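Keep the 3D view open as you read.

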Amino acid sequence: MSIRQSYEEYLARREALKADPMSGIWLDQEGRYVHPFQIYGNVWYVGDSWVCVHLIDTGSGLLLIDSGNCGASAMLVNAIWEAGFKPSDVKWIIHSHGHLDHIGAANFFRRMFGSKLYLGKPDARMYRERPELSFIQDTHNDCDELFVPDYEIKDGDVLTFGNTTMTFYMVPGHTEGCAAIFFDAEGPQGVKRCGYYGGFGFNTLQKDYLIETGDPEFKTRRTYLDSLAKVREQRVEVFLGNHCVNNDTLGRLRRRQADPDGPNPFVDGEAWGAYLDRKRDELLAFMADPGNN
């Protein structure tokens, strides 16, 4: 089945849900509620067990990095409340990239609280010109519509939100508009540099996908490698995951719970480089496999 056909089926399911909203509500079987917790300083985790969402208390409003999976808006609202914050204080939502599993509550927060939505400029163009490319999984049947961002993030942007200044770099590969984000957080161990990479998946690097989306020479794979190298040497002491698997979010939480007075496992100056190197090596192996060419 082509991407366009899958997208059209998704749209048809959305129309069916409008007629009968009780016909089915989707929640990925891997996504489960996670009690929110403080990562470091003003940085909190409010995502589920699969898709990461981070909350930054800027002192002048709350900022989210991503808005959760489709079908998980209530989970996100509850997590923000449970963490001790008010969802109505979310002023900005930075989206790491344009796939549906990372924008689930975007329009809800915009409608309810006036939150400003941010997205990489290339993915904003994708929404306008090829919206089917946002549809990366075939089980999303209750996703809200796409959105027009209030701000399109560009490579090299330096933006300030309250007490937090963020530097953005475009790291195309998983999507063309993936954004890497770097900012400082102050906590018990002083100021630590946080780093976030906008999307690591290889699902958009598969042969059939690239051919169908207009890249028969598989140039996107090389672009992905270049993106990893582009930000590899950034100083990162707190590596924030896009999905929990990236930085072993829940494993680090368990270690912290087991030894609450010990070192914070999220403060790890080696994790960023080690994971980017791992993805580089995995991609090189993927590219060398004859079955992928």
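How many cavities of 30 Å³ or more does a search of the whole structure find? The search turns up 1 cavity of that kind. Keep in mind that this is a predicted model.

## The cavity

The largest cavity has a volume of about 80 Å³. Its lining is made by 13 residues, and the ones closest to its centre are Val46, Gly47, Asp48, Met75 and Leu76.

What sort of residues are they? Sorted by class, the lining of the largest cavity has 9 nonpolar, 3 polar and 1 charged residues.

## The largest pocket

Now for the pockets. The largest pocket has a volume of about 430 Å³. Lining this pocket are 20 residues, with Leu133, Thr175, Glu176, Thr213 and Thr220 nearest its centre.

Which elements give two or more residues to the lining of the largest pocket? They are α4 (121–129), α5 (207–212) and α6 (219–231). The largest share comes from α4, which supplies 5 residues. Split by class, the lining of the largest pocket has 6 nonpolar, 8 polar and 6 charged residues.

## The second largest pocket

The second largest pocket holds about 330 Å³ of space. It is lined by 22 residues, and those closest to its centre are Trp50, His174, Phe200, Gly201 and His243. Here the elements giving two or more residues to the lining are α7 (244–247) and α9.

By class, the lining of the second largest pocket divides into 7 nonpolar, 12 polar and 3 charged residues.

## The sheet and its helix

Next, find the open sheet formed by 5 strands, which run in the order β8-β9-β10-β11-β12 with mixed pairing. Why is one side of β8 and of β12 left without a neighbour in the sheet? Both β8 (158–161) and β12 (238–240) stand at the edges and have a single partner strand each, so one side of each has no neighbour there. From one strand to the next, the twist averages 25 degrees.

Strand β11 (residues 190–196) pairs with β12 in the parallel sense, over 3 bridges. For tyrosine 196, the bridge partner in β12 is leucine 240.

Helix α9 (residues 271–288) packs on this sheet, where it touches β10 (179–187), β11 and β12. The direction of α9 makes about 45 degrees with that of β12.

Definitions and conventions. Residues numbered from 1 in each chain as written. Predicted model: local features only at pLDDT ≥ 70, side-chain atom pairs only at ≥ 80, totals over all residues. Heavy atoms only, no water. 1 Å grid on protein atoms, 1.4 Å probe; cavity = no way out; pocket = protein on both sides within 12 Å on 5 of 7 lines; lining within 4 Å. Points joined across faces, edges and corners; volume = space filled by probe spheres on them. Nonpolar A, V, L, I, M, F, W, Y, C, P; charged D, E, K, R; others polar. Pairing = 2+ DSSP bridges. Helix = DSSP H or I, 4+ residues; strand = E, 2+ residues; numbered from the N terminus. Axes fitted to C-alpha atoms, helices over the stretch in contact; angles between N-to-C directions. Contact = heavy atoms within 4.5 Å.
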